[in-house]
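Please go through the questions below with the sequence and the model side by side.

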Amino acid sequence: MNNGLFDPVIVSFVFTPLTVTGAVLFALWWRQIRDCRAELDAPGLLLTLAVRATPEARRNWGQAMLAELETVQGRLARWSFALGGARVALFPPSGETLLQPAGRSPIFGMLSVALPPLGLPFIYFVAVLIEAIGGNPLTSSHWSNPDAMMIVVKILVLLTLGSLVAGVPFGLAGWLRRERMRWLSAMGLILSVCIFAYFLSAMRFLSGGD
Amino acid sequence: MQRNRLPSEQTKTVLLALAEDPTAWRHGYELCQQTGLKAGSLYPILIRLADRGWLETKWEEEIPVGRPPRHLYRLTEIGLEQMNEIAAEKMEVAKAKRVRLRPQTEGAS
């Protein structure tokens, strides 16, 4: 494969947004758990953090799961219990509907943070896969129907661009829905704008370098 | 508004486990082990049962040293009534199945 997909510049361009987002989220998580880092193991920290984001009305159930985790023995069992408990703590059953005014699960906020940094790795892995299967659709004759392949590529590029800017609508939706952890929606919105700006400037740099 | 849906199979499993000894207070992890359900499945069921008034909850009164008090659960009177109805329904379904199967079995012999 000599098309430059594994060029360190390209790889670092693709994975920078994901790495930076991961580092920011980890730093925020690390800061939030600073008061109990020394006492708890990783499953305990995970569940503690999730319980802190649990809506007030369900907080006692989060505390119940935390207390229960103290009695669970064995690493696998603890992880299994903590992961399940964290899911319940973040998305507790409440019978809530989209019309309820406050305290909703932070679905849109999470999507707004998760989607933008995944756009470039997504198109990168798809490009590697396409390259491995039949070569570059623009230049390779391995594809039996190059026109159809080009349509697929165009759809994938549109999906990628959509993913890069998805933080804006999802962030706005999360903010307007007054989801819990509203900072996620704000972060997703800002992140999306930054990643798109990064993408445009990096593309300009890369095309100028050719 | 509280929805009054029929309990799922998993909910029935939890109800059955709680009904084994209706007077005893049970722990969440103990119920996980007894029913084979993961925490992510068990706790939403417990929350819904408590919301419907089928489940009574309380915190452990004797707090052991070195760990926080645990949450305890048992069925309420309403929960027990519902449990009995579910058990009766199950019996009816099983009976109906036996009646449907009997002519075929007799015909085969």
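Q: Is the crossing of helices α2(B) and α3(B) left-handed or right-handed in this predicted model?
A: Helices (H or I, at least four residues) and strands (E, at least two) are DSSP runs, numbered from the N terminus. A crossing is left-handed if the near helix is turned anticlockwise from the far one by less than a right angle, and right-handed if clockwise. For α2(B) and α3(B), the crossing is right-handed.

Q: Which numbering, lettering and confidence rules apply to this model?
A: Residues count from 1 along each chain as its sequence is written, while chains are lettered from A and ligands numbered from 1 in the order in which they are written. Because this is a predicted model, local features need pLDDT of at least 70, totals for chains, interfaces and linings use all residues, and side-chain atom pairs count only at pLDDT 80 or more.

Q: How far apart are the axes of α2(B) and α3(B)?
A: Axes are lines fitted to C-alpha atoms, for helices over the stretch in contact, and angles run from 0 to 180 degrees between N-to-C directions. α2(B) and α3(B) pack at an angle of about 115°. Their axes are separated by 10 Å.

Q: How many charged residues are in the contact of α2(B) with α3(B)?
A: Two residues are in contact if their C-beta atoms, placed from the backbone, lie within 7 Å. Here B:G28, B:L31, B:C32 and B:T35 of α2(B) meet B:A39, B:L42, B:Y43 and B:L46 of α3(B). Ala, Val, Leu, Ile, Met, Phe, Trp, Tyr, Cys and Pro count as nonpolar, Asp, Glu, Lys and Arg as charged, and the others, Gly among them, as polar. The contact of α2(B) with α3(B) then divides into six nonpolar, two polar and no charged.

Q: Is α5(A) roughly parallel or roughly antiparallel to α6(A)?
A: Helix α5 of chain A (residues 107–134) packs against α6(A) with axes 7 Å apart and an angle of about 160°. Angles under 35 degrees count as roughly parallel, over 145 as roughly antiparallel, 65 to 115 as roughly perpendicular and the rest as oblique. Therefore α5(A) and α6(A) are roughly antiparallel.

Q: Is A:A148 buried or exposed?
A: A:A148 belongs to helix α6 of chain A, residues 146–165. A residue is buried if 20 or more other C-beta atoms lie within 10 Å of its own, exposed if 12 or fewer, and partly exposed in between, with C-beta atoms placed from the backbone. Because A:A148 has 11 other C-beta atoms within 10 Å, A:A148 is exposed.

Q: Which residues touch the most other members of the largest nonpolar core?
A: A nonpolar core is a set of buried Ala, Val, Leu, Ile, Met, Phe, Trp, Tyr and Cys residues joined through C-beta atoms within 7 Å. The largest one has 32 residues, and chain A helices α2, α3 and α4 are among the elements that each supply at least two. The residues touching the most other members are A:L47, A:M65, A:A89 and B:L42.

Q: Which element gives the most to the side of chain A that touches chain B?
A: The contact takes 17 residues from chain A and 17 residues from chain B. On the chain A side, nine are nonpolar, five polar and three charged. Two or more residues come from each of α3 and α4 of chain A. With six residues, the element that gives the most is α4(A).
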